[in-house]
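Hi,

Here is the structure I said I would pass on. Have a look, and my notes follow below.

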There are 2 protein chains.
Amino acid sequence: MMQQRNPEDAALRERARRVIPAGMYGHGNVAMLPEGYPQFFERGHGCRIVDVDGNEYIDFMCGYGPNLLGLGHPKVEEAVDRQRRLGNCFNGPTARMVELAELYVETVRHADWALFAKNGTDVTTACVSIARAETGRRKVLVSSHAYHGAAPWCTPSSAGVVDGDRAHLIYYEYNDLASVEEGVAAAGDDLAAILTSPFKHDAFMDEELADPAFARGLRRICDDKGAALILDDVRAGFRLTVGGSWEPLGVDPDLTAMSKAIANGYPLAVVLGREGLRDATSRIYLTGSFWYSAVPMAAAIATLGVLREEDAIATMEAAGSRFRQGLEAQSVSHGLPIRQTGPVQLPMLLFENDPGFEKVRALAREAVLRGVYLHSFHNMFMCAAHGEQDIDEALERTDEAFACVRREFGG
Amino acid sequence: MMQQRNPEDAALRERARRVIPAGMYGHGNVAMLPEGYPQFFERGHGCRIVDVDGNEYIDFMCGYGPNLLGLGHPKVEEAVDRQRRLGNCFNGPTARMVELAELYVETVRHADWALFAKNGTDVTTACVSIARAETGRRKVLVSSHAYHGAAPWCTPSSAGVVDGDRAHLIYYEYNDLASVEEGVAAAGDDLAAILTSPFKHDAFMDEELADPAFARGLRRICDDKGAALILDDVRAGFRLTVGGSWEPLGVDPDLTAMSKAIANGYPLAVVLGREGLRDATSRIYLTGSFWYSAVPMAAAIATLGVLREEDAIATMEAAGSRFRQGLEAQSVSHGLPIRQTGPVQLPMLLFENDPGFEKVRALAREAVLRGVYLHSFHNMFMCAAHGEQDIDEALERTDEAFACVRREFGG
């Protein structure tokens, strides 16, 4: 059945199984998604993606984040063209690096400096190293279930992880200051940092916005203990605000890690830090073969320009609200209660009375068959190319998908 | 003086110091290079690069490796254009990923499968995790002074590194099997892997080709102990051969890490592994936001095509030999004995009687002033765009640079 709808995808999966372990890996692997999800894509534009069998989807994952303004955004691609004509990868950076660092320092409230890398994992790892170098201490408090990257110290699997990798991590519960205080007590005089995210966005769970008292509490504890407050803004950065995701709370982290959306799909990551951490940062040897490449930096400059000039965040908020309201109305009309949590730009959708996630899987399966790419256990992502018509078209199809869920599970 | 020659570079450094820790970081930082090296580049083509003040250099660093075929190689850029029109960053890979994995499995002798990432550090780290996951053991033998990346377990600095990060590393001396045997004995029944490089290419030291008996010895020890032999081919991969850098020795590693040159400057890294390690690999959660992006994979397919069709490695060998012979003749004529070591495509140049590296620094300083970009303590890189005329032009200028060294230090 799937083979008939997606014969090219099936053929590529078969070839992939021969030359890639398990045929695919990481967050791009659809093995945990319902049947019918395409593994391989052919092309895309704006918020629309097309798989290798020619099926088009209105995309609510946006590359798991990187597609912020729409695929192939003309201003970003123009900046990329311009930089490519000059060149990308030299023995050092171009002026784009300085221009981009200046832009971030000017834009993100707590940032006094910037350091660029490639992966989200590069910059979360760098933040931990910087905190340890500055404090001379080892313990890092991490929120249970939070994803901070795929290095041995943080990857969700335990395969290949050895005792040393996580020896100095202590876990707390998000939005629970008492659990943080317990962790701080356990760390004693060895607390280097508290690592957190701008809101709780763990897989298979409702999202939770940060309680402002929780955020302020982390700041106070870090100040008291001389530890660094690290904000892992890799997933949410520049979708909520351009000033840093905790700017609206008035809480400044010491270090922020960002990546994913900052260059609209071009590979780039950044550590933003406060003045006092410059020296520690410069004592660590942080580098990578492509970390000074100019093209992704040119793309990032253009991306931030579009974000500021075209109010792209408001566009995403409007599209996300429209989508959320439409889904809520469908949930009510079909008698299938759902929970939609978190910021509308990074929405999480789960069903009530769905402990095994069968209902949300059925919705996602029926939606993808109808050309709407949702996720069944991970937060989704809006982009600035989601227009009202795209949302309305997606909602027409999710209404049919809800009807299928109702037929399967009752309403 | 430098300011007069490089006013734009000086101005950018000043701006960079305000918004980037120490103004620059990692291997692209020129702080440890002699005076006169430009920090910021404007453009480049083939083997020529131009700094922000308009000074042109014949480049012997090639972006510290990535520039393999020449900057802006038409066949690579054409493949990039074609893929960009389709798109780069979706919710999963494109067919390019399968095509590239198939190409590598067909080309690199020991490879049964491939897994793609972004940084060299991503793939050296993944290799260690895979070996540990497969064996259920922890200890990894690593060559003293070897560079395997910039994560806490391997970065050359100790700032930010904590006790757990390197708890299970044991060091040996390259080309010294007795030291390896000592390490193996120390690991006892806990040996997961031996990590090595295709030849010794450590900073500030002569390069050493692998003694074939050493390479075979590592293979035999790993077979005896059920440990994985990991080849860190990040720096040299595809500059020596397309079959894997130890193919000429007839020694097959279990895992190879490659990056740098494989996509001619586009960001990509790959683990290549043998059949028996597929399952362990698929149990580890390895991922990154940009790891499935199609453009660098399209560039890698084109790069390997050019390597095979145009015999680019022979071109680099010829250029490297011509450069080495010319430098040797200049060394003799100026009475300044030098040591040129390693493969001619990744040459290392040091002076005799130069314990403080003053002579090699003087040569590099005088060369860069004359438009030849050498390195004073790191191996250099040839690319396939180095023509005879480029080499001869470079040699005219290095002859003047040698004369300066002679005036400064005597012959």
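To start: in which loop of chain A does A:Arg166 lie? A:Arg166 sits in the loop between β5 (139-143) and β6 (169-172) of chain A. (Helices, H or I of at least four residues, and strands, E of at least two, are DSSP runs numbered from the N terminus.)

Before going on, this is a predicted model, where local features need pLDDT of at least 70, side-chain atom pairs count only at pLDDT 80 or more, and totals for chains, interfaces and linings use all residues. Residues are numbered from 1 along each chain as its sequence is written, while chains are lettered from A and ligands numbered from 1 in the order in which they are written.

Back to A:Arg166: it counts as partly exposed because it has 17 C-beta neighbours inside 10 Å (20 or more others within 10 Å would be buried, 12 or fewer exposed, with C-beta atoms placed from the backbone). Leaving out residues up to four places away in sequence, A:Arg166 touches A:Trp153 and A:Val161 (contact means C-beta atoms, placed from the backbone, within 7 Å).

There's also an open sheet of four strands in chain A, ordered β1-β2-β3-β15 with mixed pairing (strands pair if DSSP finds at least two bridges between them). β1 (41-45) and β15 (372-373) of chain A are at the edges with a single partner strand each, so one side of each has no neighbour in the sheet. Strands β2 (residues 48-51) and β3 (residues 56-59) of chain A pair in the antiparallel sense over three bridges, and A:Ile49 has A:Tyr57 as its bridge partner in β3(A).

Cheers

Technical notes: Contact = placed C-beta atoms within 7 Å.
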